[in-house]
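Hi,

Here is the structure I promised to pass on to you.

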Amino acid sequence: KEHEPSGSALRDYAKRMQNALYGALATSPERKSSIPKLDKNGKVVYELVNSVSEGSPSYLPAGIFITSWSRHFLIKTIMKYRKYFIYCDTDSLYLKGLKPLKDFAVHKSLYGFFKLEHYITMFKVIGAKRYIYYGRTPNEKNDSFCVTCCGADNDIKKQFTFDNFKTG
């Protein structure tokens, strides 16, 4: 993953394998399925039921260690740069300002580093993977309006503004 170019099959495979390692170790052997149903008012609700498939038990302590260490590393970094911190994903940070920070460990693919996705000038978040902002990538010269909102298609995203972007 560290050495293959972005978008290459080998890089994608390596990324899937590292995620599968954590996923395999942290997945419960008890499986549940969501069954959609209509309630008495005609609203779609989901009922959790035991799945017919069962996974094999895994080594949960390794999954716990991976997430604990990642959380520690992320929180430590956020606290160090709290004046600039806006939002983060598991391996990338969104920071306030328009220039790189001194001694900030940035690299697009090396382990133990963060990808610096955007410099942010205005930001609004309503939940994980649901945010809008004005900002630019490190390679861009001008800010643009960007929308990230999982579950919203492009036609919906075009309608978002800072005023109407809210939960519900």
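Below is what turned up, going from the helices to the strands and then to the aromatic rings. Keep in mind that this is a predicted model.

Let's start with the two helices. Helix α1 covers residues 9-26 and helix α2 covers residues 60-80. They pack with their axes 7 Å apart, at an angle of about 125 degrees. Angles of 65 to 115 degrees count as roughly perpendicular and those over 145 as roughly antiparallel, so α1 ends up oblique to α2. The crossing of α1 past α2 is left-handed.

Which residues of α1 and α2 meet? On the α1 side you'll find Y22, L25 and A26, and on the α2 side L60, A62, G63, I66 and T67. Sorted by type, the residues of this contact come out as six nonpolar and two polar, with no charged ones.

Now for the strands. β1 (residues 32-38) and β2 (residues 44-50) run antiparallel, and seven bridges join them. Then go to L38, which faces V44 in β2. The two strands make a hairpin with five residues between them, and G42 there has a positive phi near 85 degrees.

β5 spans residues 115-127, and its pairing with β6 is antiparallel over seven bridges. Here I120 stands opposite G135 in β6.

Last, the aromatic rings. Searching the whole structure gives 13 aromatic pairs. One of them is Y134 with F145, whose ring centres are 5.2 Å apart and whose planes are 50 degrees apart, making the pair tilted. It links distant parts of the chain, with eleven residues separating the two: Y134 belongs to β6 (residues 130-136) and F145 to β7 (residues 144-149).

Cheers

Key:
Residues numbered from 1 in each chain as written. Predicted model: local features only at pLDDT ≥ 70, side-chain atom pairs only at ≥ 80, totals over all residues. Heavy atoms only, no water. Axes fitted to C-alpha atoms, helices over the stretch in contact; angles between N-to-C directions. Helix = DSSP H or I, 4+ residues; strand = E, 2+ residues; numbered from the N terminus. Parallel < 35°, antiparallel > 145°, perpendicular 65-115°, else oblique. Left-handed = near helix turned anticlockwise from the far one by under 90°. Contact = heavy atoms within 4.5 Å. Nonpolar A, V, L, I, M, F, W, Y, C, P; charged D, E, K, R; others polar. Pairing = 2+ DSSP bridges. Phe/Tyr/Trp six-rings, centres within 6.5 Å; stacked < 30°, edge-to-face > 60°.
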